[in-house]
Amino acid sequence: MSALDQTLTGAIGGASAKAFAAHLDLHTVGDLLHHYPRRYAERGELTGLDELQLDEHVTVMARIEDSRVVAFKGRKGERLDVTVTDGRARLKLAFFNFRKGRHLHELRPGRQGLFAGKVTVFNHVRQLANPDYQLMDGEDAEAAEEFANRLIPVYPAAAQVPTWKIAKGVNALLGEGGIDLGAIADPLPEQLRLGRDLLPLADALRLIHRPTDRDDVQRARDRLKWDEAFVLQVALAQRRAADSARPAVARPRREGGLLDAFDARLPFTLTDGQLKVSAEIFADLAVEHPMHRLLQGEVGSGKTLVALRAMLAVVDSGGQAALLAPTEVLAQQHHRSIVEMMGDLAAAGMFGAHEHATGVVLLTGSMGAAARKKALSDMAVGNAGIVIGTHALIQDKVKFHDDNLGLVVVDEQHRFGVEQRDALRAKADRPPHLLVMTATPIPRTVAMTVFGDLETSVLDQLPAGRSPIATHVVPSLEKPNFYVRAWERVREEVAKGHQAYVVCPRIGDEEEGKRKPDDGDRRPPLAVLDLAAELSAGPLAGLRVAVLHGRMAPEAKDEVMRRFTAGELDVLVATTVIEVGVNVPNATVMVIMDADRFGVSQLHQLRGRVGRGSAPGLCLLVSEMPGGSPARQRLDAVAATLDGFELSRIDLEQRREGDVLGQAQSGVRSSLRVLSVLEDEEVIAAARDEATLLVAEDPELTDRPALAAALRSLVDEDRAEYLEKG
């Protein structure tokens, strides 16, 4: 057994090992050694207290400015209030269970230390309640000696396990009587390491935890980034090799068929971008292993048209194609628009149908029994070459003709789990080709794209006739006159003969007991039903206002969208059911209420519903959040650019990559500790080239046991299964 696989119990003691496992998910020596410091403090370098975010668990280095005992008001007892400062801002430390002898003696004005806790607000003052602390000045001889003449590592910590306890555990591993780092097998091939001038693994692990200067940190990080990038790239290279070996039915484009007939009647010319991406897709479909392609395109760039042409090519080859949409509204919209675009080419089996016609059927979970039975029958006997649906397509009862599903198109892939997509792909004997579409890649998609797991096509050219969209933030509390003006702008657009969307985060008819608790002192999020009534009686009185949300009956939703599309309604007050796919060229203005409650990707998608015709679009982001807050900064970023790829990077910076191998779409559950997909693209690209060459030479890593062991550690059974599903 490798030294890295040893349990922590024998290395740091049972009590510490139990705490590390329970609160930090660290179980082995390797887990702890790879739990790298988040940052490094220097003695005398105080943390900027004005940068702390609410509800974050923080570790700050600060100087004590004041310490006093305060009696509780109206009840017995007292607390110790300590004020610390960085020389500019102040932070309160509130100790509710303190010992006068110890705390009053230790926490004296002028002393300096590390203080760890969760940032909260009490009486409008930021504080840490019952924080842990480690004093770092000369009065504490043990601490002074421990951290003398070197950087102080600050680790990702938990309330029950502060950073200095983690440092103590690491020191037990690296000090006398600890583990022999030199005995740890190095996963990087020596030729690669020497060629890139990278540290040996033992030196990198020692320096990342116990650096003497910033140069030590950088050299250690440079090596450890390569570990993460290279091992991950080997996993992806193995998967690409396996994918290329899988048998799939080739679907080459056939001349004189359904696709040519469709192209001949298009009332416009395809953009150069659409032609280029279509050529890439047709080339993938023509080979005998599954296509695995991501189609990234700006909102309105014509992704659906490109996907439809791919589906028609598959139908020409004798296969069936399925388009998976995340909502019933979007599935219905796709079905309606595709049938309209195809005309009699979508009328197979009907009088007057074109000779190359196929069937286009819709399948959703709430369809009536008769309509559902007819759709399932058309799919099973092969009458329907194109099937459009929601999660209902994944159910066991759904069968394709002769298991002949040739192409799966997933619209807005982040709305579906990997397991759901895989369930649909499993409905064919041989893996179908897969085309994933997205307008604003979410963090995991960006990460996987940078890592080269998906072949990528980009549509960055808008069709002729699309109008620009102006976006503005409306700070409703700071500038109430701006809020009034927003509704005046809606009336002005309606007076010109245009239409408007108003989007809210909530429906509004929830049972009181099922409402989620709100954050802090904020009011509950605005609701569709409440706001629609207020607008109809107030600033939008006299206009034709309707509501649309996910809990309406399918027939009711379809009727509202039909009326809005036909111009029979002026204003649609809706939830995010209109986020993707809805196409009403006459809609020119959108007001998004409580916009700070939506993510960057959602906001970009939502505003893409306006400006789809010849008239310019306007998107107003209404928020009560104060200027300078992270939420307002996010809204300002959305307002500043229409570039969905730039917004995806902003989204990634804020949300982190997520676990690029696991099921977390974003956030802190990441297998990446020092590697950043934004900052380290050059490392990732170089590692991909090296990994591809190595896997071509030694696919099973037979001659590289250390690398194989590192790969098993990174890609456990769950992650391996996840990669397999893709």
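Tutor: Rings of Phe, Tyr and Trp (its six-membered ring) count as a pair if their centres lie within 6.5 Å; planes under 30 degrees apart are stacked, over 60 edge-to-face, and the rest tilted. This is a predicted model, where local features need pLDDT of at least 70, side-chain atom pairs count only at pLDDT 80 or more, and totals for chains, interfaces and linings use all residues. Residues are numbered from 1 along each chain as its sequence is written, and side-chain values use heavy atoms, leaving out hydrogens and water.

Student: How many aromatic pairs turn up in the whole structure?
Tutor: Five. One of them is Phe95 with Tyr133, edge-to-face at 6.1 Å centre to centre and 90° between the planes. Phe95 sits in strand β4 (residues 90-95) and Tyr133 in strand β7 (residues 132-135), so the pair ties together parts 38 residues apart in sequence. Strands here are DSSP runs of E, at least two residues, and helices runs of H or I, at least four, numbered from the N terminus.

Student: Is Phe95 buried or exposed?
Tutor: Buried means under 20% relative accessible area, exposed over 50%, partly exposed in between (1.4 Å probe, protein chains only). Phe95, at 3%, counts as buried, and so does Tyr133 at 12%.

Student: What about Tyr483 and Trp487?
Tutor: In an α-helix there are 3.6 residues a turn, so residues three or four places apart point the same way. Tyr483 and Trp487 are four residues apart in helix α17 (residues 480-495), about one helical turn. Their rings pair edge-to-face, 5.9 Å centre to centre with 85° between the planes.
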